[in-house]
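Please look through the structure below with this short briefing beside it.

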Amino acid sequence: MSRPLLAAYYFPNYHSDDPRNQVVHGAGWSEWELVKRAEPRFAGHRQPVLPAWGYDSESDPAAMARRIDAAADHGLDAFLFDWYWYDDGPFLQKGLDQGFLRAPNRSRIQFALMWANHNWTDIHPHKRHIPPLLRYPGKVAPAMFDTATSHVVDAYFTQPNYLTLSGCPYFSIYEIGTLVAGFETVRKTRKALDRFRDKARAAGFPDLHLNAVVWGRPILPGETTPADPARLVEELGFDSVTSYVWIHHWNPGRASTVPYETALDQYLDYWDKADFKVPYFPNLTVGWDSSPRTVQSDVWDTTLGYPFMPIITGNTPRAIRAACEAILDKCPLRGKPALLTINAWNEWTEGSMLEPSRDFGLGYLESIRDVFGFKG
């Protein structure tokens with residue numbers, strides 16, 4: 001059976017020399033500090049979950065080369081880098097620019113960008129009952145959007161291993177409601193996206209493949225009721241839709257923990273009902289546990305909202321393999337998706353990572369390889 005390209009989201013906050021992080025947290029800080037300090041918050045809680053490779057720096061090409069080899073050896077086709085660019089410029093670029101793009105084996109795997117255009121709040125860590133400080137708003141003004149997209153075309157689309165679909169560079173946007181807020185209207189936003197397409201064509205590509213991460217129902221500027229995501233995707237001219245993580249489509253109720261199989265069933269139900277006029281690319285999620293992003297001495301209360309949230313349990317390599325089989329079996333029934341997004345390569349502080357841990361080693365990657373094999 002043919003299978004889609006396997007593209008794992010990569011969260012690049014595991015290097016200690018980011019200028020913004022140094023201002024907020026001091027020299028030497030990366031999100032590894034939260035991983036190191038994670039504690040079990042209730043009986044049976046699987047924490048701390050520690051990296052098998054230690055607390056290395058992804059901005060080191062040698063460290064990134066190890067990630068590339070592990071991903072490629074287990075059938076992954078691409079990293080989708082969470083890419084940050086705010087109204088005052090870029091953030092968390094060095095994992096990609098200094099690590100991945102300078103790795104000696106970078107040609108073994110493709111890469112693309114998922115613009116993580118959400119608000120960046122100070123939840124590193126978050127203390128309960130204290131609203132987190134907003135540091136960088138996700139809304140970007142039109143002039144900065146044009147600056148950012150020109151940079152994307154010049155610095156990334158031109159790379160020989162940038163991911164393309166039918167020859168078109170793949171670029172994904174996390175929050176389409178926030179994107180529209182920067183332009184005030186859907187019409188102006190569409191014109192800006194069309195200009196982005198023009199830049200891709202001017203660089204020699206047949207077009208741009210724009211992908212929307214769809215979750216929730218945003219309230220657009222000047223509106224009082226939530227927008228219809230399918231209609232918004234169509235009006236903005238996106239070429240495909242996907243998901244970032246299963247929790248965007250689940251309903252855990254008041255449970256503090258959710259079995260992995262239950263989260264899978266709820267996601268598959270969402271996929272069944274997903275109704276867009278463009279292709280929907282399915283998602284595999286490895287797990288969910290955002291407790292490392294909270295103050296560890298606080299009482300654990302999952303009614304408070306992110307990052308105090310229900311935790312997925314039972315996400316063993318065997319469970320991941322069963323999920324891969326279910327998704328692969330479902331692909332022919334729901335069309336032939338070009339891409340399967342995976343959450344995630346290294347969301348350590350959200351409990352969803354393919355990167356080897358001390359307890360499961362390469363188990364998650366082996367499950368993916370055993371089910372999907374290699375593209376060919």
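In this predicted model, helix α5 covers residues 142-157, and its 16 residues reach 21 Å from the first C-alpha to the last, which is close to the 22 Å expected at 1.5 Å a residue.

**Helix α5**
- An α-helix has 3.6 residues a turn, so residues three or four places apart point the same way.

- Strand β15, residues 339-343, is mostly covered, with five of its five residues buried.
- In a regular strand the side chains alternate between the two faces of the sheet.
- Strand β1 (residues 5-10) runs parallel to β15 and is joined to it by four bridges, and L5 has L339 as its bridge partner in β15.
- Strand β13 (residues 283-285) also runs parallel to β15, joined by three bridges, and here L284 is partnered with I342.

**Aromatic rings and charges**
- The model has 42 aromatic pairs, among them the edge-to-face pair of F81 and F111, whose centres are 6.5 Å apart with 75° between the planes.
- This pair links distant parts of the chain, because F81 lies in strand β2 and F111 in strand β4, 30 residues apart.
- F81 counts as buried because its relative accessibility is 1%, and F111 is buried with a relative accessible area of 0%.
- The charged end of R20 sits over the ring of Y136, 4.4 Å from its centre, while that of K36 sits over the ring of Y55, 4.9 Å from its centre.

Key. Residues are numbered from 1 along each chain as its sequence is written. This is a predicted model: local features need pLDDT of at least 70, side-chain atom pairs count only at pLDDT 80 or more; totals for chains, interfaces and linings use all residues. Side-chain values use heavy atoms; hydrogens and water are left out. Helices (H or I, at least four residues) and strands (E, at least two) are DSSP runs, numbered from the N terminus. The expected span of a helix is 1.5 Å times one less than its number of residues. Buried means under 20% relative accessible area, exposed over 50%, partly exposed in between (1.4 Å probe, protein chains only). Two strands pair if DSSP finds at least two bridges between them. Rings of Phe, Tyr and Trp (its six-membered ring) pair if their centres lie within 6.5 Å; planes under 30 degrees apart count as stacked, over 60 as edge-to-face and the rest as tilted. A charge sits over a ring if NZ of Lys or CZ of Arg is within 6 Å of the ring centre and within 35 degrees of the ring normal.
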